[in-house]
Amino acid sequence: MNIKNIVLGAMALLMISGVALAGALDEPSNMAPFFTDSSMKTMKPEAGFKAAWASMPKDKQDMMMKECQDAAMSKPHAEFCANLNMYAGHK
């Protein structure tokens, strides 16, 4: 019975930690407003980017800014984070 509980607990931790690894920058619903296409390859021009940022709730803005300040988290989103830092007024 103890081994079963340990295995189930370990599995639960693995599943929870896997979800925790995906951040705000990896969530398509957070990123889609900043792109012109569904494949999210082409970012909107400055005015559209600023409008998408302004319409985003403060808690999501804070999460995205925090992730863009983390080198490891922002690496796959370098161009996006550069625009975010520039257009959101953070240098």
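Is cysteine 81 buried or exposed? At 3% relative accessibility, cysteine 81 counts as buried, where buried stands for under 20% relative accessible area, exposed for over 50% and partly exposed for what lies in between (1.4 Å probe, protein chains only). The model is a predicted one, so to speak of local features takes a pLDDT of at least 70 and to count side-chain atom pairs takes pLDDT 80 or more, while totals for chains, interfaces and linings use all residues. Residues are numbered from 1 along each chain as its sequence is written, and side-chain values rest on heavy atoms, with hydrogens and water left out.

First, the overall layout. The protein has 6 helices and 0 strands, with helices (H or I, at least four residues) and strands (E, at least two) taken as DSSP runs and numbered from the N terminus. Along the sequence this reads as α-α-α-α-α-α. Of the 91 residues in the protein, 26% are buried. Contacts are called when heavy atoms lie within 4.5 Å; among those between residues at least 6 apart in sequence, 46% join residues at least 24 apart.

Back to cysteine 81. Its partner is cysteine 68, and a disulfide joins the two with an S to S distance of 2.1 Å; the term covers a pair of cysteine sulfur atoms within 2.5 Å. The structure holds 1 disulfide. Cysteine 68 sits in helix α4 and cysteine 81 in helix α6, so the pair ties together parts that are 13 residues apart in sequence. The angle about the S-S bond is -75°, and the link of cysteine 68 and cysteine 81 is left-handed. Cysteine 68 is buried too, at a relative accessible area of 7%.

Next comes the nonpolar core, meaning a set of buried Ala, Val, Leu, Ile, Met, Phe, Trp, Tyr and Cys residues joined through side-chain atoms within 4.5 Å. The largest such core has 16 residues, and those with the most contacts inside it are Leu25, Phe34, Met64, Phe80 and Leu84. Helices α3 (46-55), α4 (58-69) and α6 (78-87) each supply at least two residues of this core. Leaving aside residues up to four places away in sequence, phenylalanine 34 touches Met43, Lys44, Phe49, Ala52, Trp53, Met56, Met64 and Phe80.

The aromatic rings deserve a paragraph of their own. Rings of Phe, Tyr and Trp (its six-membered ring) pair if their centres lie within 6.5 Å; planes under 30 degrees apart count as stacked, over 60 as edge-to-face and the rest as tilted. The count by this rule is 4 aromatic pairs. One of them is stacked: phenylalanine 35 and phenylalanine 80, at 6.4 Å centre to centre with 20° between the planes. That pair links distant parts of the chain, with phenylalanine 35 in the loop between α2 (28-31) and α3 and phenylalanine 80 in helix α6, 45 residues apart. Phenylalanine 35 is buried at a relative accessible area of 11%, and phenylalanine 80 counts as buried at 3%. Phenylalanine 80 also pairs with phenylalanine 49, this time tilted, at 5.5 Å centre to centre and 50° between the planes. Here helix α3 holds phenylalanine 49 and helix α6 holds phenylalanine 80, 31 residues apart. Phenylalanine 49 is buried, with a relative accessible area of 0%. Phe34, Phe35, Phe49 and Phe80 form one aromatic cluster.

Helix α6 turns up again and again, and its buried residues are Phe80, Cys81, Asn83, Leu84 and Asn85. They pack against α2, α3, α4 and α5 (71-74). Asparagine 83, in helix α6, counts as buried at 15% relative accessibility. Beyond residues up to four places away in sequence, asparagine 83 touches Met43, Phe49 and Ala88.

That leaves the pocket. On a 1 Å grid over the protein atoms alone, a pocket is an open set of points where a 1.4 Å probe fits, with protein on both sides within 12 Å along at least five of seven lines, and lining residues have an atom within 4 Å of a point. Grid points are joined across faces, edges and corners, and a volume is the space filled by probe spheres set on the points. The largest pocket has a volume of about 210 Å³. It is lined by 14 residues, of which Met31, Phe35, Met40, Pro76 and His77 are the closest to its centre. The elements that give two or more residues to this lining are α2 and α6, and the largest share, 3 residues, comes from α6. Methionine 40 lies in the loop between α2 and α3 and is partly exposed, with a relative accessible area of 27%. Phi of methionine 40 is near 55°, a positive value in a residue other than glycine. Most residues other than glycine have a negative phi.
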